[in-house]
Amino acid sequence: MAPLSSLQFQSFPPHITPSFTRFKKPHDQNVIFCKTNQQDLDLCLSIEDQSLKVQRRDLLLHTVFGSLCLPAMVPFAFAEEVVPEGFQIYSDDVNKFKIMIPQDWQIGGGEGNGFKSVTAFYPSEASNSNVSVVITGLGADFTKLESFGKVDAFAENLVSGLDRSWQRPPGVSAKLIDSKVTKGMYYIEYTLRNPGESERHLYSVLGIANNGWYNRLYTLTGQYLDEESEKYRSKIEKAVASFKLV
């Protein structure tokens with residue numbers, strides 16, 4: 001694993017000032033997540049921390065952008081459960097979620113301004129494919145996902161908020177593929193493509209839970225590029241489908 005000084009962390013827009021804490025893996029091996037690039041920077045929003053109150057429209061976009069541009073660090077914590085060969089269960093007892101991930105993937109996590117928690121899962125080799133979970137505090141009026149609107153309207157607003165294909169010159173193109181409600185969570189599938197670059201396929205899962213003090217929005221995003229589809233699509237789809245709040 002490359003030392004911290006050798007990794008090129010992407011600069012953030014003025015209002016994004018993430019703060020990360022370094023942890024250690026078992027056997028004192030450092031885990032560092034750094035999977036950002038220029039096309040992701042183009043998608044970042046300027047976000048200001050508003051304690052636990054965020055506007056619906058800003059929050060809708062804010063959590064998705066957070067999953068596209070984040071560096072982070074965390075320790076391993078796995079529960080012993082029966083899973084398919086080549087996978088393992090990551091269980092976060094503090095943030096109360098579980099997800100099945102490939103055994104050879106790395107894990108990173110931390111906190112940023114506007115985010116309560118960020119956890120990322122990504123291949124050991126260089127790749128633009130990954131899965132991330134962003135947790136954001138909600139105001140008292142956010143009690144269920146319907147506070148953001150029905151799933152179809154939510155998905156349309158999400159994708160239209162990302163789309164910049166109407167600009168001149170055209171920016172990123174966003175297209176909605178599917179949206180549905182399953183087990184009380186919103187599932188959204190869509191694509192993003194910057195002009196002249198490969199298409200990025202994304203799955204987002206959103207859920208709300210209370211930690212005893214306030215409601216929190218969980219946004220899982222799995223993504224892969226077209227050229228990595230054969231290698232990572234199935235793994236990311238399994239990870240996304242396994243995500244649950246506990």
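Visitor: Does F97 count as buried or exposed?
Guide: Quick caveat: this is a predicted model, where local features need pLDDT of at least 70, side-chain atom pairs count only at pLDDT 80 or more, and totals for chains, interfaces and linings use all residues. Residues are numbered from 1 along each chain as its sequence is written, and side-chain values use heavy atoms, leaving out hydrogens and water. Buried means under 20% relative accessible area, exposed over 50%, and partly exposed in between (1.4 Å probe, protein chains only). F97 has 0% relative accessibility, so it counts as buried.

Visitor: How many aromatic pairs does a search of the whole structure find?
Guide: Rings of Phe, Tyr and Trp (its six-membered ring) pair if their centres lie within 6.5 Å; planes under 30 degrees apart count as stacked, over 60 as edge-to-face and the rest as tilted. By that test, the number of aromatic pairs in the whole structure is eight.

Visitor: What kind of pair do F97 and F243 make?
Guide: F243 is buried, at 3% relative accessible area. The two ring centres of F97 and F243 are 5.8 Å apart and the planes sit at 50 degrees, so the pair is tilted.

Visitor: How far apart in sequence are the parts that F97 and F243 tie together?
Guide: Helices (H or I, at least four residues) and strands (E, at least two) are DSSP runs, numbered from the N terminus. F97 is in strand 5 (97-102), while F243 is in the loop between helix 4 (229-242) and strand 13 (244-245), so the separation comes to 146 residues.

Visitor: And which type of pair do W105 and Y232 form?
Guide: W105 has 3% relative accessibility and counts as buried, and Y232 counts as buried at 2%. Their ring centres are 6.1 Å apart with planes at 70 degrees, so this pair is edge-to-face.

Visitor: Which element gives the most to the largest nonpolar core?
Guide: A nonpolar core is a set of buried Ala, Val, Leu, Ile, Met, Phe, Trp, Tyr and Cys residues joined through side-chain atoms within 4.5 Å. The largest one has 22 residues. Elements giving it two or more residues include strand 5, strand 8 (130-137) and strand 12 (215-225). With four residues, the one giving the most is helix 4.

Visitor: Beyond its neighbours within four places in sequence, which residues is L220 in contact with?
Guide: Contact means heavy atoms within 4.5 Å. L220 is among the residues with the most contacts inside the largest core. Leaving those neighbours aside, its partners are I99, V131, S132, V133, Y203, S204, V205, V240 and F243.
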